Amino acid sequence: MKHVYIIGSKGIPARYGGYETFVEKLTAGQQSPDIKYHVASRRNNTELSAENDVFEYNGAEIFSIDVPNIGPAQAIAYDIKALQWAIQNARDIKAKNPIFYILAARIGPFIRKYVKQIHALGGTYLINPDGHEWKRAKWPLPVRKYWKVSERGMIKHADLVVCDNRKIEEYIQDEYGSFKPDTTFIAYGTDTMPSRLSKDDAIVERWFHEKNIQENNYYLIVGRFVPENNYETMIREFMKSDSQKDLVIVTNVEKNKFYQKLLQTTSFNQDKRIKFVGTVYDQPLLRYIRENAFAYIHGHEVGGTNPSLLESLSSTQLNLLVDVGFNRDVAHDAAIYWSKGDGHLANAINTADRYTLEQLLINGNKAKQIIANEYTWNNIISKYEVLFG
């Protein structure tokens, strides 16, 4: 039996987040009987974690970790405590050649001594560095500097770096070439099942009526409301466009200072096309909203393979993506690309509005084929099981 310890997600069952969804899908879709997953979970993640030190879920052993309330450093403390638990557990059960897979590069300054302990067990340390956390505008400068130093330490001591985007793999090889890092590319996955809902379902009728939105008559944005996702550019440019369609933004802006700042600088509340509609936690409904958007606008530029992008490619007929390597690596020529220059996205929106039904159909099919070829969960799970095996 191969024992694989996964550290860095908030835990499962997944409530939110890319890493959490990944671990949920990896364990739920397990195909090999020869792998035993052990997954760290924050004590406050779910009721199961709150009530149990260790429990089974999706056939995996979930171990709950208490984290002190120490502000932004909680994530660092969590990863360290989870790794300590995992190493001790591997000793206790005498796991043969265990694998320790750490998601996100948060504990670089501390990792060396733990890697020595892992190697003493005959184990292997794998890291998934995600995207460029040190570029995220939400972090103050000292924190961004820490993330960069931490990433360097995590890569330096890694036995293998697993990258979810080919551009991340290129970056790791270029940036840390002196370490001669061993890297591999395994993407993130997405669901491809269409929504089971129809326009006649009560939940659909109610949502579209309440938001005053018509199917196929809106551009859609879904994602965390943070500056590095380019909301200001997307909103400003949509306001400049000639489109008669709405801009529907699915996100949480409650108690968000960035929202108030954006309101002051753009006055988007004076444009009746701009509609902030809150969050949508009902996944079939969100899938239906994606499927019935005219087009999706994607402004994420600091992550690797973004889950929201994969979801839109698998469900929305046309995608307008900020022109960065991560996005081109995924969508290839099945999208319209835009830069942050003045008027560029507005022109892209005007171009999209002129797409014929045939162009929309060809583009949508091309995007769905990319997902089917590379980004289904079955495909991703198979690749991980080969890696872990």
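Modeller: Buried means under 20% relative accessible area, exposed means over 50%, and partly exposed lies in between (1.4 Å probe, protein chains only). This is a predicted model, in which local features need pLDDT of at least 70, side-chain atom pairs count only at pLDDT 80 or more, and totals for chains, interfaces and linings use all residues. Residues are numbered from 1 along each chain as its sequence is written, and side-chain values use heavy atoms, leaving out hydrogens and water.

Colleague: Why is Asn216 called partly exposed?

Modeller: Asn216 has a relative accessible area of 40%, which falls between the limits of 20% and 50%, so the label is partly exposed. Asn216 sits in the loop between helix H7 (202-211) and E9; helices (H or I, at least four residues) and strands (E, at least two) are DSSP runs, numbered from the N terminus.

Colleague: Is Asn230 buried or exposed, and how do you know?

Modeller: The relative accessible area of Asn230 is 7%; that is under 20%, and therefore Asn230 is buried. Its place is the loop between E9 and H8.

Colleague: Why does Lys156 count as partly exposed?

Modeller: Lys156, found in helix H5, has 49% relative accessibility.
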